[in-house]
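Please open the structure in a viewer and keep the selection panel at hand.

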Amino acid sequence: MTTALATLHRYKATFLIDAGLLLALYMLPVLSHLTAFPLYKLEPMRIALIIALLFTNRANTYLIAFTIPLASAVVTGHPELLKAVLMGIEFSILVATFSYLARSVRLPAFAALAAGILFSKLIYYSMKFIALNAGFLTGKLISTPVETQVVLAVGTAAVFGLVEYYRAKQGRGQSKGTR
């Protein structure tokens, strides 16, 4: 019992962030209905993933990447299950690409995240194209306008980059004894 409590205490922030993200995502259909605005076009799952990337560990971010679309499909029926699997793959590729570019190539956070979003979207749309042509999915290849996706990708990457910049700046200040 004490081991379980120690583990819970150690990952308390991660659990709280995950719970908050999941609750917010589960409430999106209600908010969309109340506001008559299609909130899904703002890519809330990607935003939740990026919040997890900023404030939790990498293993948890992979868990969030794959389970958020699946949980949404099971709980709300949207997206359909195959599309949720494709989104989980896309989000996992985003995390892997960002991690590689930021840690191994040492790209700045903005560039690494923007490249990760672009690369993962290319993979997602390739997989979706194949699924549509094979008859496994119905609908359009691109449902959210490309312009909206570009603005959201750049905006999200910019905010992420700023947060990472200020974190690094604070870390340097603390190591120099200024805090």
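**Stop 1: Leu101**

Select Leu101 together with its contacts beyond four places in sequence: these are Arg106, Leu107, Ala112 and Ala115. The model on display is a predicted one. Leu101 itself is situated in helix H5. Is Leu101 buried or exposed? Its relative accessible area is 15%, so Leu101 counts as buried, the cut-off for that class being under 20%. Leu113 is 12 residues from Leu101 along the chain, and the C-alpha separation is 8.4 Å.

**Stop 2: the aromatic pairs**

Display the aromatic side chains. How many aromatic pairs does a search of the whole structure find? The search returns 3. A pair of this kind is characterised by how far apart the ring centres are and by the angle between the ring planes.

Select Phe98 and Phe160. Their rings are arranged edge-to-face, with 5.1 Å from centre to centre and an angle of 90° between the planes. Phe98 belongs to helix H5 and Phe160 to helix H7 (residues 146-175), so this pair ties together parts of the chain that are 62 residues apart in sequence. Both Phe98 and Phe160 are buried.

Move on to Tyr165 and Tyr166, which also form an edge-to-face pair. Here the centre-to-centre distance is 5.2 Å and the planes are at 75°. Tyr165 has a relative accessibility of 43% and therefore counts as partly exposed. Tyr166, at 47%, is likewise partly exposed.

**Stop 3: the largest pocket**

Finally, turn to the empty space. Such space is located by rolling a probe the size of a water molecule over the atoms. The largest pocket has a volume of about 730 Å³. Which residues are closest to its centre? Select Tyr40, Met45, His78, Lys83 and Met87, which hold that place among the 35 residues of the lining.

Colour the helices next. Those that give two or more residues to the lining are H2 (12-35), H3 (44-55), H4 (58-76), H5 (81-104) and H6 (109-133). The largest share, 6 residues, is supplied by H2. Helix H5, which contributes to this lining, is also the helix that holds Leu101.

Definitions and conventions: Residues are numbered from 1 along each chain as its sequence is written. This is a predicted model: local features need pLDDT of at least 70, side-chain atom pairs count only at pLDDT 80 or more; totals for chains, interfaces and linings use all residues. Side-chain values use heavy atoms; hydrogens and water are left out. On a 1 Å grid over the protein atoms alone, a cavity is a set of points where a 1.4 Å probe fits but cannot get out, and a pocket is an open set with protein on both sides within 12 Å along at least five of seven lines; lining residues have an atom within 4 Å of a point. Grid points are joined across faces, edges and corners, and a volume is the space filled by probe spheres set on the points. Helices (H or I, at least four residues) and strands (E, at least two) are DSSP runs, numbered from the N terminus. Buried means under 20% relative accessible area, exposed over 50%, partly exposed in between (1.4 Å probe, protein chains only). Contact means heavy atoms within 4.5 Å. Rings of Phe, Tyr and Trp (its six-membered ring) pair if their centres lie within 6.5 Å; planes under 30 degrees apart count as stacked, over 60 as edge-to-face and the rest as tilted.
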